[in-house]
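Subject: Handover of a structure and the findings made in it

Dear colleague,

Please find below the structure that I am handing over to you. A summary of the findings follows it.

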Amino acid sequence: MARPLRLEYAGALYHVTARGNARQDIFLDDEDRRRFLGVLERVVARFHLVLHAYCLMSNHFHLLAETPEANLSSAIRQLNGVYTQAFNRRHDRVGHVLQGRFKAIVVERDSYLLELARYVVLNPVRARLARKPETYAWSSYRATAGLTPVPPYLTVEWLLSQFGRQRAAGERKYRAFVAAGIGQDAPWEQVRGQVLLGREPFVEGLRSHLQDKQALTEIPRAQRFAARPTLSQLFSVRLHANRAQRDAVIRRAYLEHGYSLSEIGRAAGMHYSTISRIVSAATGGHAQNKI
């Protein structure tokens with residue numbers, strides 16, 4: 001079974017989600033939610049996480065967290081494992097509560113932290129569990145908005161500072177910002193390779209972190225090559241103006257950046273067999289269409 005890419009470095013910001021095993025509920029009542037938040041508080045303290053937003057749904061949760069110490073996998077493994085033990089003890093069950101593999105998208109702070117913080121707390125509204133985010137008790141919205149005390153595991157200073165220097169004004173503008181996001185699309189179409197969300201300079205800066213992952217075939221190809229340039233970027237030159245240059249770009253797309261022959265053919269407007277011949281001329285063999 002393929003395993004997800006874990007891109008970890010000091011100061012990384014993530015949108016994390018974990019779902020119930022076989023999509024089953026992971027919170028059966030409010031006591032379960034309180035216990036989960038208790039575990040989360042201890043994990044934030046132990047692993048020195050910076051938690052900007054969270055939301056607990058019925059069969060999954062969302063976290064928006066930074067890792068000053070490059071330890072996301074250890075932190076989430078602790079969170080999921082300790083909560084699973086508590087859940088099973090309370091409900092006299094055995095076995096997995098959460099899926100073994102959580103999802104983590106590395107996020108560019110300057111471009112997407114605000115937008116994702118809003119997305120996270122609007123999940124209950126999108127799911128029609130609440131008409132407004134302030135009526136849902138199991139997210140970070142109420143604390144960030146100044147409606148309830150801020151718990152020790154939540155950091156609201158950065159978010160509120162984006163709306164002004166005065167705390168009260170920041171809370172008011174934050175509430176308006178979240179309200180304006182109701183009905184808006186999530187930014188997931190802009191995610192690169194299932195694991196990166198940011199502008200091109202941000203993605204470019206992470207290429208060195210991904211280079212040693214490209215040979216790990218147990219990781220999905222789209223994730224291993226998440227920081228690669230797009231085909232439109234590679235083919236920004238006039239392909240038919242210089243055949244040697246065109247062929248070099250095609251070979252780079254296949255050999256260095258992991259694109260399949262079919263993907264390259266569509267981008268270049270050329271037949272699959274032609275792309276295969278161009279690549280095979282460089283490899284000395286028959287090129288395979290990667291999956």
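Leaving aside its neighbours within four places in sequence, which residues is Leu51 in contact with? The residues in contact with Leu51 (contact means heavy atoms within 4.5 Å) are Leu40, Val44, Leu63, Leu64, Ala65, Tyr153, Leu154 and Thr155.

Before going further, please note that this is a predicted model, in which local features need pLDDT of at least 70 and side-chain atom pairs count only at pLDDT 80 or more, while totals for chains, interfaces and linings use all residues. Residues are numbered from 1 along each chain as its sequence is written, and side-chain values use heavy atoms, with hydrogens and water left out.

Nonpolar cores

Leu51 also belongs to the largest nonpolar core, which has 71 residues. A nonpolar core is a set of buried Ala, Val, Leu, Ile, Met, Phe, Trp, Tyr and Cys residues joined through side-chain atoms within 4.5 Å; buried means under 20% relative accessible area, exposed over 50%, and partly exposed in between, with a 1.4 Å probe and protein chains only. The members that touch the most others in this core are Phe36, Leu40, Leu51, Phe61, Leu63 and Leu79. A second, separate core has 14 residues, among them Phe235, Tyr254, Ile264 and Val279.

Salt bridges

The structure has 9 salt bridges, each defined as a side-chain nitrogen of Lys or Arg within 4 Å of a carboxyl oxygen of Asp or Glu. One of them joins Arg90 to Asp29, with the closest N and O atoms 2.8 Å apart. Arg90 lies in helix α2 and Asp29 in the loop between β1 (12-19) and α1 (30-47), so this pair ties together parts that are 61 residues apart in sequence. Here helices (H or I, at least four residues) and strands (E, at least two) are DSSP runs, numbered from the N terminus. Both partners are partly exposed, Arg90 at 32% relative accessible area and Asp29 at 27%.

Another salt bridge is formed by Arg199 and Glu108, whose closest N and O atoms are 2.7 Å apart. Because Arg199 lies in the loop between β5 (196-197) and α8 (200-205) and Glu108 in the loop between β4 (103-107) and α3 (109-121), the pair ties together parts that are 91 residues apart in sequence. Arg199 is partly exposed at 46% relative accessibility, whereas Glu108 is buried at 9%.

A salt bridge also links the side chains of Arg192 and Glu200, at 2.9 Å from N to O. Arg192 counts as buried at 16% relative accessibility, and Glu200 is partly exposed at 26%.

Cavities and a pocket

How many cavities of 30 Å³ or more does a search of the whole structure find? The search finds 2. On a 1 Å grid over the protein atoms alone, a cavity is a set of points where a 1.4 Å probe fits but cannot get out, and a pocket is an open set with protein on both sides within 12 Å along at least five of seven lines; lining residues have an atom within 4 Å of a point. Grid points are joined across faces, edges and corners, and a volume is the space filled by probe spheres set on the points.

The largest cavity has a volume of about 90 Å³. Its lining includes Glu115, Arg118, Tyr119 and Pro187, and α3 gives the largest share, 3 residues. The second largest cavity has a volume of about 50 Å³, and residues including Leu5, Arg6, Tyr14 and Val195 line it.

The second largest pocket holds about 210 Å³ of space. Of its 13 lining residues, Asn80, Gly81, Leu98, Gln99 and Gly100 lie nearest its centre.

Ser73 is in helix α2 (residues 72-91) and counts as buried at 15% relative accessibility. Not counting residues up to four places away in sequence, Ser73 touches Arg6, Glu8 and Phe102.

Asn123 is found in helix α4 (residues 123-126) and is buried at 9% relative accessibility. With the same exclusion, Asn123 touches Cys55, Met57 and His62. The C-alpha atoms of Asn123 and Tyr136, 13 residues apart along the chain, are separated by 9.9 Å.

With kind regards
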